[in-house]
Structure formats: C-alpha cells, structure tokens
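Me: I'm new to this one, so let's go through it together. Can I ask you where the labels come from?

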Amino acid sequence: MKIGLCLGGGGSRGYAHIGAIRALTEAGIKIDIINGTSIGAIIGGMYALYLDVDTMTVLVKKVVESMRINHFKFVSSFHRGAGIPAELVDGSGL
C-alpha cells in the first residue's frame, strides 16, 4: 500500500505541516507521494527534496528570521480586521 499526503494552504499552517510529517516519519510511516496548496506545496516540496524534517526545520527558521517581521503581529492584525500594519506598509518594519 502506498501513502499519500496532501497539505493545505494558510501561512502559519506550514509549521503544523512540518510537525505532522515529523510524527508520521517517527511512527515509521513512509510517505510515497506528497502534494499541497500554497504553504503546503512549499513544505511538500521541501520534504520531497530533503526527506529530512530536521533540515526543513532549520531552513524554515532561517527564512522566518531573515524576514525580520513579527509574523504573529502581522497575522493577528488581519484577524482583528485592522488591515496591514503601518510599519509593513511604509517599510519601517522590514
């Protein structure tokens, strides 16, 4: 039997995708095919390329750190309906 994994979109969900892949691999479940949408496609592509969750985790941390934005502030502002934070619009938060 072959196992396929489909990963959905939604920026922060990417962190959960990495955790799900880690749990599957630690349980000895081999992923034969992987696909996804948006962040799911990025994480799926990383897994297909590296097949190593630790490498993926390091790379994602480096990307997030290089962005130098407070991701949670950015996301929570949209949930409140506040739009894009001013420091991101004018570039002062980048």
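Me: Which residues does I43 touch, not counting residues up to four places away in sequence?

Reply: I43 touches L7, G14, H17, I18, I21, M56 and V60. Touching here is contact, meaning heavy atoms within 4.5 Å. Bear in mind that this is a predicted model, where local features need pLDDT of at least 70, side-chain atom pairs count only at pLDDT 80 or more, and totals for chains, interfaces and linings use all residues. Residues are numbered from 1 along each chain as its sequence is written, and side-chain values use heavy atoms, with hydrogens and water left out.

Me: Which residues of α1 are called buried?

Reply: G14, H17, I18 and I21. Buried means under 20% relative accessible area (1.4 Å probe, protein chains only), while exposed is over 50% and partly exposed lies in between. Those four cover an arc of only 100 degrees around the axis, which puts them on the same side of α1. The face turned away carries the exposed A16 and E26.

Me: What do the buried residues of α1 pack against?

Reply: They pack against β1 (4–7), β2 (33–36), α2 (39–50) and α3 (53–67).

How values were computed
Helices (H or I, at least four residues) and strands (E, at least two) are DSSP runs, numbered from the N terminus. The arc is that of the directions from the helix axis to the C-beta atoms.
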